[in-house]
Amino acid sequence: MMTPEWLTARPIAHRGLHDAADGVIENTLSACAAAAAAGYAIEVDLQLSADGEAMVFHDDTLDRLTEATGPVAARTAAELKAVRFRDTDDVMMRFSELLTLVSGHVPLIVELKSRFDGDPTLVRRAAEVAAAYGGPLALMSFDPAPIADLRTLAPGIVRGITAERHYADPEWNGLSAIRKQVLGNLLHWPASRPQFVAFCLSDLPTVATEVARRALGVPVLTWTVRTPEDRARAKRWADQMIFEGFRPKPA
């Protein structure tokens, strides 16, 4: 399947069109509704609840953004729905609720969060929920395993890989040096077969992303674009930007 033109046709709002100072928090209904109303594509994240539901949330824990604490994975979907985002009326959405909200009006680019433990539950649930969705939708992950799984589970869903060059942040301490090399250079390509790449802006350009774009015809998205300098870099080395903190002209 060829990568569809809608994937790069318009700027992509990172975790929705959020602005904490204005009471709009990332990955919430309010942020996604604002992005859709402005005509932007929307990037969000999925985490797995204790009862196997795909929930729209970025962090592994609730502490940073909500009135609760502890791991997302320790609570059921119903329990997570009872937790409010701090200083807002928003609660966490199920993936199915996000699809109902957007209803195909703008593209959705959805990151599957992973613990790199081989558990396919989240990608299976995401594919199941997305099966009846008719709008433009792509699933991506830092972990190539669920993207490889997606080729079999739902070959009709656009799939991508999220990556950076060095994986130096402490959040990646659980990965071996060899695995970081594989991920940063996209050496898993024969197994994952991504139809697009979402690569860290500060790491561009790389040999891997240039081969993807120039030799394989695979588009490169880049994150996270925040400044005019970022925009210039993204324009040179990527096919579309994932942005936050400003409002670029929609397509």
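Which residue follows α8, and is its phi positive or negative? In this predicted model, α8 is followed by G217, which has a positive phi near 70 degrees.

Helix α8 spans residues 207-215, and A208, T209, E210, A212 and R213 are buried within it.

## Nonpolar cores

The largest nonpolar core has 38 residues, and those with the most contacts inside it are L46, F95, L98, L108 and L139. Several elements each supply at least two residues of this core, including α1 (29-38), β2 (41-48), α3 (95-102) and β10 (240-243), while the largest share, six residues, comes from α4. Leaving aside residues up to four places away in sequence, L98 touches C32, V44, V56, M93 and L108. Apart from this core lies another, of 33 residues, among them L7, F196, A198 and A238.

## Aromatic pairs

The structure holds seven aromatic pairs. One of them joins F116 and W172 edge-to-face, with 6.2 Å centre to centre and 85 degrees between the planes; F116 lies in the loop between β5 and α4, and W172, 56 residues apart from it, in the loop between β7 (158-163) and α6 (177-184).

W172 also pairs with F142, in a tilted arrangement with 5.0 Å centre to centre and 55 degrees between the planes. Because F142 lies in the loop between β6 and α5 (144-153) and W172 in the loop between β7 and α6, this pair ties together parts that are 30 residues apart in sequence. F142 is buried, with a relative accessible area of 11%, and W172 is buried with a relative accessible area of 8%. Ring pairs link F116, F142, Y167, W172 and W223 into a cluster.

Notes
Residues are numbered from 1 along each chain as its sequence is written. This is a predicted model: local features need pLDDT of at least 70, side-chain atom pairs count only at pLDDT 80 or more; totals for chains, interfaces and linings use all residues. Side-chain values use heavy atoms; hydrogens and water are left out. Buried means under 20% relative accessible area, exposed over 50%, partly exposed in between (1.4 Å probe, protein chains only). Helices (H or I, at least four residues) and strands (E, at least two) are DSSP runs, numbered from the N terminus. A nonpolar core is a set of buried Ala, Val, Leu, Ile, Met, Phe, Trp, Tyr and Cys residues joined through side-chain atoms within 4.5 Å. Contact means heavy atoms within 4.5 Å. Rings of Phe, Tyr and Trp (its six-membered ring) pair if their centres lie within 6.5 Å; planes under 30 degrees apart count as stacked, over 60 as edge-to-face and the rest as tilted.
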